[in-house]
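My notes follow in the order I made them.

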Amino acid sequence: MSGKYLKGLVGTTLLVSLISPSISAEPQVFFTEEELATEALQDHHDHEGEHHHAHTLTPEEEKRFYEEAFQKDQLDILNFRFPQTSWRECTDVVTGNYSGYNCANRRQVSVILKDFMDQYMPECVQEALDKVGDGELDQLHIIHDGVLGDRRHSPRSLHAENRAIDIRSFRVRFYDGREKTYVFKGTTNREFYRAFRQCWGQKVSENNGCPYYGGSVERTGSIGWEDRNHQNHMHTSVPYCVGGSYGSYYFRR
Ligand SMILES: [Zn+2]
């Protein structure tokens with residue numbers, strides 16, 4: 001990691017924390033005609049259920065993505081529509097790691113996703129634990145398949161704005177010291193994940209003004225077993241909503 005890269009990230013983080021102090025401060029974003037046309041087309045496909053999951057970057061690809069932006073002076077690559085911050089995967093309240101890798105000192109995420117992860121994810125995991133009759137959550141750890149999607153490639157998704165995380169499993173440490181991992185893949189933990197998704201959808205609706213997706217609280221802010229591209233991970237997002245409807249940059253889930 002170059003010093004330049006570090007400096008850039010720190011600068012972004014400081015700026016971001018000044019601009020967006022709370023969850024309710026969803027910024028207004030502006031798009032070019034071309035972007036709107038592309039969005040409308042892709043959103044149409046999404047609506048018809050033809051949405052293919054956007055490629056989410058591996059840790060190596062993610063590092064290269066940011067480094068290239070600085071080396072080639074392509075700073076527009078980093079021109080995210082929504083404020084960004086860092087998830088300190090090893091030490092934050094909710095910890096995590098990209099599947100098969102060590103936790104990252106810092107991983108860039110949108111402020112709104114980070115806020116929702118910190119404030120609502122433990123609560124929703126506890127609701128899921130209650131549903132299946134397990135214990136009291138002490139520490140929550142997320143094993144994931146990535147956050148960032150490359151905006152320069154189609155199809156775009158909420159990953160292009162770091163507003164979504166692909167969750168493979170939750171590792172839970174209980175107050176009594178036990179640890180248990182809840183794997184998303186398969187049907188073993190379906191009841192657990194169903195309860196989690198219902199809770200998350202409710203939080204997204206209540207705290208970000210998003211209507212229930214297709215009338216379903218369970219499908220609000222997440223994609224799972226109902227989609228053939230989401231059998232191994234649960235796509236978990238904070239969609240962009242304004243005035244009680246989906247702003248749709250990019251897509252509704
Ligand atoms: Zn995803």
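Entry 1, overall. I counted five helices and 10 strands in the protein. The model is predicted, and I read every value below with that in mind. Of the 253 residues, 34% count as buried. I also looked at contacts between residues at least 6 apart in sequence, and 64% of them join residues at least 24 apart.

I asked which residues have the most contacts inside the largest nonpolar core. They are Leu-113, Cys-124, Val-125, Ala-128 and Phe-196, in a core of 38 residues. Two or more residues each come from α4 (111-132), β4 (137-144), β5 (164-174) and α5 (190-208). The largest share is that of α4, with 11 residues. In soluble globular proteins, nonpolar side chains tend to be buried together.

I then took Ala-128 and left out residues up to four places away in sequence. Ala-128 touches Phe-192, Tyr-193, Ala-195 and Phe-196.

I checked the length of α5, which has 19 residues. From first C-alpha to last it reaches 26 Å, close to the 27 Å expected at 1.5 Å a residue. After α5 comes Gly-209, with a positive phi near 70°.

Entry 4, strand β2. This strand covers residues 95-98. Gly-96 and Tyr-98 form its covered face, whereas Thr-95 and Asn-97 form the uncovered one. I looked up its pairing with β4: the two strands run parallel and are joined by four bridges. Opposite Thr-95 stands His-141 in β4.

I noted a positive phi of about 60° at Asn-162, which is not a glycine. Most residues other than glycine have a negative phi. I placed Asn-162 in the loop between β4 and β5. Is Asn-162 buried or exposed? Asn-162 counts as buried because 24 other C-beta atoms lie within 10 Å, and the cut-off for buried is 20 or more.

Conventions. Residues are numbered from 1 along each chain as its sequence is written. This is a predicted model: local features need pLDDT of at least 70, side-chain atom pairs count only at pLDDT 80 or more; totals for chains, interfaces and linings use all residues. A nonpolar core is a set of buried Ala, Val, Leu, Ile, Met, Phe, Trp, Tyr and Cys residues joined through C-beta atoms within 7 Å. A residue is buried if 20 or more other C-beta atoms lie within 10 Å of its own, exposed if 12 or fewer, and partly exposed in between; C-beta atoms are placed from the backbone. Two residues are in contact if their C-beta atoms, placed from the backbone, lie within 7 Å. The expected span of a helix is 1.5 Å times one less than its number of residues. Two strands pair if DSSP finds at least two bridges between them.
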